[in-house]
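This report looks at helix packing and at a surface feature. Please view the model alongside the text.

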Amino acid sequence: MQIISRYMLLQLVLFAISVAISLAVAVWLAQSLRFVDMIVNDGLPASTFFYFVILLMPYFLVIVIPVATFCSVLFIYNKLNTDSELIVLRAAGFSQFQLAGPGIKLGVLAMLCVVSINLYFLPASYREFRELQHYFRDNLSPVLLKEGKFNTLNNEYTIYFKEKTPAGELKGLLVHDSSTVGVQVTYLAETGALLKEQDDFRAILWNASRQEIDPETGRLSIAYSDKYVLKFANISQDEGDRWLKPRERFLSELLFPDSENPRDLDNFDELVAAGHYRISSPLFTLAMAFIALACLLSGEFSRRGQLGRIMVAICCMGLMMLAMFLLKDITEKNSNLIPVLYIWPLAVIMISVFVLQKAKRNVSLRNSESTEDDQKTESRDQLTERSRG
């Protein structure tokens, strides 16, 4: 019995892994297209691009693993039924729950994977992703400054240069400063350089001119100097000032937001609901396995196949996924409905167990009826033989 259970579990795990990898790669390719612009236009290296999309993989897996679990249970059990292996196992004395055991174990394994991702890998990877995104988009990075192109920084500064030497010197430099409301200042320099000291960004201009138009008179004033030193303000934000989104927060940061942070207080219900969703979402994964088991093991064997039960299982899975995403959005707006996040998957699991239990009784009843028929047939044969004798 243990050998057969291990054989079924091995098939389930291997098929679930293959489906999860296939779906994850498909979603990964679709989502990675939005980062292609960072390579084509901003000149980021390919290694950074792949690091970006790898950091998003835990978020994809949280969605993919439940679907892969459902597909694996549905496919493998349907294959076992088509090959008459389930009939042989039932004839050998396997009960409904013994047959469902490998599928339940797969659901538990998938649930534990989702738990580990939700508790650590998802917030850790997404926080790293957001930090890199913040750096490359909002910081003055030499990687993003391209020669012969107008580089806009934080919608306040525009930098243009014709050529960049191997030593880092910029030739034909133009810097337009619109950081002050109502004031537009343009600097032109023969050569220059950009320097960074921690979060302090500076531009040093040699043989430069400063041009400014008076907003009241409209007169242009030009000042020449051998050297200008410009400090770029508000280019980078301190990491402590950046508000953490729900995906990049660990569970304790979701369930217990910072009471001294105004944005945490404004989004208190959303953060708490996201924390409970992160706890309850593994239950949806386990419910997916129970849905497939209840649909395939509850009916009788048919040589025509189980297309009807498969379609019912797929419809139930679709409703389960739809309810999962809807409940996530609803609970963020109404915290009183947070218990539904736990009640819904547990109710689905209990209904599936009830269906399997009912199917078990039906199978036992059919077996007893067939046994009685066999006994009656045997007794009739004995009476016939005696009468002939």
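## Nonpolar surface patch

A patch is made of residues with over 30% relative accessible area and no salt bridge; nonpolar side chains are joined within 5 Å. The model here is predicted.

One nonpolar patch on the surface consists of Leu319, Leu322, Leu326, Ile330, Leu337, Val340 and Trp344. Together these residues have about 590 Å² of accessible area. Two helices, α10 and α11 (340–388), each supply at least two of the patch residues. The largest share, four residues, comes from α10. Ile330 is in helix α10.

## Packing of α4 on α10

Helix α10 spans residues 307–333, and helix α4 spans residues 57–82. Their axes come within 12 Å and cross at roughly 170 degrees. Angles over 145 degrees count as roughly antiparallel, and α4 and α10 are therefore roughly antiparallel to each other.

Which residues of α4 meet α10? They are Val67, Phe70, Leu74 and Asn78. On the α10 side, the contact involves Ile310, Ala313, Ile314, Met317 and Met321. By class, the residues of this contact of α4 with α10 are eight nonpolar, one polar and no charged.

## Packing of α9 on α10

Helix α9 covers residues 268–297. The axes of α9 and α10 lie 9 Å apart, at an angle of about 170 degrees. That makes α9 roughly antiparallel to α10. The residues of the contact of α9 with α10 divide into 17 nonpolar, one polar and five charged.

Key:
Residues numbered from 1 in each chain as written. Predicted model: local features only at pLDDT ≥ 70, side-chain atom pairs only at ≥ 80, totals over all residues. Heavy atoms only, no water. Axes fitted to C-alpha atoms, helices over the stretch in contact; angles between N-to-C directions. Parallel < 35°, antiparallel > 145°, perpendicular 65-115°, else oblique. Contact = heavy atoms within 4.5 Å. Nonpolar A, V, L, I, M, F, W, Y, C, P; charged D, E, K, R; others polar. Patch = residues over 30% accessible without salt bridge, like charges linked within 9 Å, V, L, I, M, F, W, Y side chains within 5 Å. Areas by Shrake-Rupley, 256 points an atom, 1.4 Å probe, with all protein chains shown as cover. Salt bridge = Lys/Arg side-chain N within 4 Å of Asp/Glu carboxyl O.
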